[in-house]
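Here is a short briefing for a first look. Keep the sequence and the 3D view open while you read.

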Amino acid sequence: MAFHNLPVLDTAILVISASAAILYGTQIRATPSHSRMISKAASTALLSLFAGVRGESSLFMITALALGSVGDAFLAWPGEKAFLRGLGSFLVAHIFYIILFARLGGGIEQILSDTWRQALATAILALAPVMAFVLVPRVGSALRLPIVLYSSIILVMVLTVLTVQNHQVITGAILFALSDSILATDEFVVPADSHHRVWMQYAVWNLYYSGQLLIASGL
């Protein structure tokens, strides 16, 4: 998609969305607050609005982005309840993405037609069970089933997007999935006092927002 060819309204929405994302980027490690939550959720909500005003965007994508905004709002707060609510929001968002990609894609034949698609599919099929195996013993009993279910949905989402012709959308979905993997590692694997948590938290947001932006602007 050529951003310089966008109508003025579409461009304005993207600029405000990106500004909100940058603002949240400066607050990632700040104390949770309503202003911090608003900047985080607004960035994705505006991507949903951007998809809506373009007209040709699918309702599935608009809904997925809106649910992502809800998930962002929940995950802006600490605690297991907020995490579970955010996880649930993103799980449903990924289901909408799966439906969207399945409708656009060429099926398993598309994956089998390209070596790079086969390689990515193989990598995600190998990574998903490893992540689940690493995470499950490290979380409380209330989180185990949701995390296994969420990991399975992410796996299906990535496999489904690999059936799509649009390389920008594929890149966006993979960045989204990668951000989820780093987030899970930061939350449950890396020690709380590890210096790695700083770059991981910034990486999660940058990969996540970039992924959502690529998907929203790619169709």
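Which helix gives the largest share of the lining of the largest pocket? The answer is H8, with 12 residues. This is a predicted model.

**The largest pocket**

- The largest pocket holds about 1100 Å³ of space.
- Its lining is made of 48 residues. Closest to the centre are Ser179, Leu183, Ala184, Glu187 and Val204.
- Several helices give two or more residues each to this lining: H2 (34–54), H3 (59–75), H4 (80–104), H6 (115–135), H7 (141–161), H8 (167–188) and H9.
- Sorted by class, the lining has 34 nonpolar residues, 6 polar ones and 8 charged ones.

**Helix H6**

- H6 has 21 residues, and at 1.5 Å a residue they should span 30 Å.
- Buried in H6 are Arg117, Ala121, Ile124, Ala128, Met131, Ala132 and Leu135. These residues lie on the same side of H6, because they cover an arc of only 105 degrees around the axis.
- What does this buried side pack against? The buried residues of H6 pack against helix H5 (108–112), H7 and H8.
- The face turned away from the buried side carries exposed residues: Thr115, Thr122 and Phe133.

**Gln212 in helix H9**

- Gln212 is found in H9, which runs over residues 196–218.
- Is Gln212 buried or exposed? Its relative accessible area is 0%, under the 20% cut-off, so Gln212 counts as buried.
- Leaving aside residues up to four places away in sequence, Gln212 touches Thr44, Leu47, Leu65, Gly68, Tyr97 and Phe176.

**Asn206 in helix H9**

- Asn206 is also found in helix H9.
- Asn206 has a relative accessible area of 47%, so this residue is partly exposed.
- Asn206 and Phe176 are 30 residues apart in sequence. In space, their C-alpha atoms are 9.6 Å apart.
- Phe176 is also one of the residues that Gln212 touches.

Conventions:
Residues are numbered from 1 along each chain as its sequence is written. This is a predicted model: local features need pLDDT of at least 70, side-chain atom pairs count only at pLDDT 80 or more; totals for chains, interfaces and linings use all residues. Side-chain values use heavy atoms; hydrogens and water are left out. Helices (H or I, at least four residues) and strands (E, at least two) are DSSP runs, numbered from the N terminus. Buried means under 20% relative accessible area, exposed over 50%, partly exposed in between (1.4 Å probe, protein chains only). Contact means heavy atoms within 4.5 Å. On a 1 Å grid over the protein atoms alone, a cavity is a set of points where a 1.4 Å probe fits but cannot get out, and a pocket is an open set with protein on both sides within 12 Å along at least five of seven lines; lining residues have an atom within 4 Å of a point. Grid points are joined across faces, edges and corners, and a volume is the space filled by probe spheres set on the points. Ala, Val, Leu, Ile, Met, Phe, Trp, Tyr, Cys and Pro count as nonpolar, Asp, Glu, Lys and Arg as charged, and the others, Gly among them, as polar. The expected span of a helix is 1.5 Å times one less than its number of residues. The arc is that of the directions from the helix axis to the C-beta atoms.
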